[in-house]
Amino acid sequence: MTEGIRFHYDVDGDNFTSAGEASVNVKKKLRQMGFDPDVIRRVSIAMYEGEINMVIHADGGEADVEVLSDKIIITLADKGPGIPDIEQAMQEGFSTAPDNIRSLGFGAGMGLPNMKRYTDSLEIESEVGVGTTVRMTVNV
Amino acid sequence: MQSNIHSVSLEVDKCKGCTHCLKRCPTEAIRIRDGHAVIITERCIDCGECIRLCPYKAKKATYDKLEQFDHFKYKIAIPAPALYGQFVNLDDIDYVLTGLLHCGFDDVFEVSRAAELVSDYTRYYLHDPHIQKPVISSACPVIIRLIAARFPYLLDNLLPMLPPVELAARIAKKEAKEKHPELKDEDICAIFISPCPAKVSYVKSPIGVEKSAIDGALSMSDIYFKLVSAMKKIKNPESLSKSGVIGVSWAGAGGESSALFNDKYLAADGIENCIEVLDQIENDNFSDLEFIELNACHGGCVGGALTVENAYIAKARLQSLRRYLPVSQNRVPPPEKDGREGVPEEFFWSSAPEYRPVTMLAGDKSAAMKKMMDIERLTEMLSHLDCGSCGAPTCRALAEDIVNGEASESDCIIKMRQQIHDLYAEHKTPESDDAGQEG
């Protein structure tokens with residue numbers, strides 16, 4: 001059994017146009033390692049949604065991807081405003097994205113629900129005023 | 001199918017080993033080895049970027065010559081509609097088609113005729129509730145090869161229909177036999193006038209069929225001067241054109257989409273734009289779109305590497321040519337059944353393209369993961385200048401090559417310089433330093 005490989009990304013909060021680059025990069029690496037297309041896509045979508053969330057709500061953050069032979073763990077950590085009511089945030093269509101973000105086609109309230117839908121487990125730790133850490137696992 | 005036959009070749013004498021093509025190849029399929037470019041054939045998708053970019057014209061497209069087909073009794077020219085945009089002051093497509101007959105062809109059949117059939121059938125196909133949406137156009141072979149190598153999840157979104165050029169060749173041969181019952185199959189050949197090397201490759205290794213009905217592909221730029229002089233001698237062109245605005249518009253980006261009379265489409269051109277769009281589709285970002293048209297060349301087929309005229313000038317010329325054309329001359333009456341079942345079976349692929357994991361580091365996942373770990377470590381140690389001097393397009397690509405045993409760390413000139421400095425520092429003893437000062 002091979003030990004895990006970690007990939008680390010700083011997600012820039014100031015640059016909206018570069019949001020999503022880390023997930024594209026991870027996708028390329030997973031392909032090189034021969035993961036199944038469906039697994040790659042699930043990781044890519046979950047990570048993309050998380051990246052966008054960090055850019056919209058938390059002025060960026062850090063993304064860590066740990067690749068093991070049987071699962072892929074994505075950890076997204078930010079020092080943003082935190083989520084006051086996680087249960088509410090998990091509901092489809094619920095969004096606190098500002099109007100300027102919505103005008104770009106984001107903020108449909110599908111970010112967290114999609115992250116849950118495309119992964120095998122989703123854990124959220126959040127403290128208002130301190131930040132949020134999202135940990136997602138995709139089983140291979 | 002999907003073999004590694006390509007239509008890009010290198011004139012070694014002309015190649016300086018510079019980094020123009022190396023750095024712009026969208027699939028990192030080029031390396032500089034022994035002072036000249038080398039193409040990694042399994043990675044090449046025939047986009048033609050390197051042919052366009054090479055300042056020394058060392059990259060060449062390979063294609064057929066008309067003389068190769070002299071042994072056929074009946075030669076049919078299959079011109080792509082992009083051809084019509086290549087001529088100054090052309091006001092009638094029949095001059096081009098008649099000109100082709102004067103160049104040695106016995107008959108012509110426009111790709112745009114078949115394109116009009118494909119447009120109609122695509123419209124019916126899109127009504128099918130069971131198909132994967134958005135449907136991605138399969139007319140550009142570069143895009144299919146790109147998806148097969150890089151976006152395997154989207155293979156099911158491809159329109160599983162044969163490209164207009166293939167259907168044109170089939171119908172042309174059938175019509176020829178009806179017109180000339182004395183002709184046998186082996187007497188007739190269909191020769192495509194291609195705007196790009198990718199479609200030349202398609203003829204040799206087709207997608208969706210075992211064997212293409214097209215027998216050869218000529219380059220638009222190669223036949224151009226012969227055709228221009230033939231056209232100048234024409235007083236009364238024969239009435240040969242049998243397509244309309246819809247078919248001719250396929251030559252430019254957006255033409256295929258606008259023929260669907262459906263505003264839920266996206267049309268992108270230029271390989272780098274297509275890659276970005278595919279990355280986003282894979283992330284489910286366009287769930288409300290029905291159709292995606294992707295053209296690897298800027299401007300669409302008029303931007304192909306084998307065309308003569310600038311893509312946008314050619315597109316403008318097509319606009320004025322289209323003005324007096326009917327909307328379509330090849331209408332398909334609405335079929336009894338809508339959706340996929342409304343499309344005749346012979347329009348569909350007989351076999352679908354498959355995932356080609358060409359960038360996979362090793363056949364076995366744990367070996368690939370181990371290699372990835374080495375690549376990550378090595379990449380960190382390199383300069384991140386991506387200068388290309390080592391012969392790989394980026395520092396990361398060099399790290400991959402080193403791990404795959406195809407390059408070594410000393411190929412990096414920055415590393416080498418560092419090593420020389422270190423060596424110098426090591427041998428520079430205090431005595432020799434003093435001696436230097438005294439001298």
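**A walk through chains B and A**

In chain B, the centres of domain 2 and domain 3, taken over C-alpha atoms, are separated by 49 Å. This is a predicted model, and its chain B is divided into domain 1 (8-61), domain 2 (66-347) and domain 3 (365-438).

Let us start with helix α7 of chain B, residues 197-204. Seven of its eight residues are buried, so helix α7 of chain B is largely enclosed by the rest of the structure. The buried ones are B:Pro197, B:Ala198, B:Lys199, B:Val200, B:Ser201, B:Tyr202 and B:Val203. What do they pack against? In chain B, their partners are the helices α2 (49-53), α5 (141-150) and α6 (164-179), together with the strands β4 (59-61), β8 (188-194) and β9 (216-219).

Next, look at a pair of helices in chain B. The axes of α3 (residues 93-102) and α8 (residues 220-232) come within 8 Å and cross at roughly 105 degrees. α3(B) and α8(B) are therefore roughly perpendicular to each other. From α3(B), B:Tyr95, B:Val96, B:Gly99, B:Leu100 and B:His102 meet B:Ile223, B:Leu227, B:Ala230 and B:Met231 of α8(B). Seven residues of this contact are nonpolar, two are polar and none is charged.

On the α2(A) side, the contact includes A:Arg41, A:Arg42 and A:Glu49, while α5(A) contributes residues including A:Leu112, A:Met115 and A:Tyr118. By class, the contact of α2(A) with α5(A) has five nonpolar, four polar and three charged residues.

Key: Residues numbered from 1 in each chain as written. Chains lettered and ligands numbered in written order. Predicted model: local features only at pLDDT ≥ 70, side-chain atom pairs only at ≥ 80, totals over all residues. Heavy atoms only, no water. Domains from an automatic or database assignment. Buried < 20%, exposed > 50% of the residue type's maximum accessible area, 1.4 Å probe, protein only. Helix = DSSP H or I, 4+ residues; strand = E, 2+ residues; numbered from the N terminus. Contact = heavy atoms within 4.5 Å. Axes fitted to C-alpha atoms, helices over the stretch in contact; angles between N-to-C directions. Parallel < 35°, antiparallel > 145°, perpendicular 65-115°, else oblique. Nonpolar A, V, L, I, M, F, W, Y, C, P; charged D, E, K, R; others polar.
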